[in-house]
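This briefing goes through a protein model, from its overall fold and surface down to the surroundings of a single side chain. Please have the sequence and the structure at hand while reading.

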Amino acid sequence: MENKVEYYRKELGETQEELAYALGVSRQTIISIEKGKYNPSIILAFKIATHFKRTIEEIFIYKEESHE
């Protein structure tokens, strides 16, 4: 799953540390989400969307994996 967390974070001028604090998670969690190595829980996805005043679909982009 792709995401625009880094894009919206930078748009607000926030550091990873500031975003992590606002969401109640570690900076490492933010780093992992931004790199696409970790997909957040639905609750965390809602918190992120609310923080950025966006919908989940605007931030997280699901793409079907091909099973060829």
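Does Gln16 count as buried or exposed, and what is its relative accessibility? In this predicted model, Gln16 has a relative accessibility of 18%, and because buried means under 20% relative accessible area, Gln16 counts as buried.

**Surroundings of Gln16**
- Gln16 belongs to helix H2, which covers residues 16–23.
- Leaving aside residues up to four places away in sequence, Gln16 touches Arg9, Arg27, Ile30, Ile31 and Glu34.

**Fold and overall dimensions**
- The protein contains 5 helices and 2 strands, and these elements follow the order β-α-α-α-α-α-β when read from the N terminus.
- The radius of gyration of the protein is 12 Å, which agrees with the value near 11 Å that a compact globule of 68 residues would have.
- Along the principal axes, the C-alpha atoms of the protein fill a box of roughly 40 × 25 × 20 Å.
- Among the contacts in the protein with a separation of 6 or more, 56% are accounted for by residues 24 or more positions apart.

**Burial, surface and charge**
- Of the 68 residues in the protein, 32% are buried.
- The accessible surface of the protein amounts to about 5000 Å², and carbon and sulfur atoms contribute 51% of this surface.
- The protein carries 10 positive and 12 negative side chains, with the centres of the two sets lying 5 Å apart.

Notes:
Residues are numbered from 1 along each chain as its sequence is written. This is a predicted model: local features need pLDDT of at least 70, side-chain atom pairs count only at pLDDT 80 or more; totals for chains, interfaces and linings use all residues. Side-chain values use heavy atoms; hydrogens and water are left out. Helices (H or I, at least four residues) and strands (E, at least two) are DSSP runs, numbered from the N terminus. The radius of gyration is taken over C-alpha atoms; the globule rule is 2.2 Å times the number of residues to the power 0.38. Buried means under 20% relative accessible area, exposed over 50%, partly exposed in between (1.4 Å probe, protein chains only). Contact means heavy atoms within 4.5 Å. Accessible areas come from the Shrake-Rupley method with a 1.4 Å probe; for residues, only the protein chains shown count as cover. Lys and Arg count as positive and Asp and Glu as negative; His and the chain ends are not counted. The place of a charge is taken as NZ of Lys, CZ of Arg, CG of Asp or CD of Glu.
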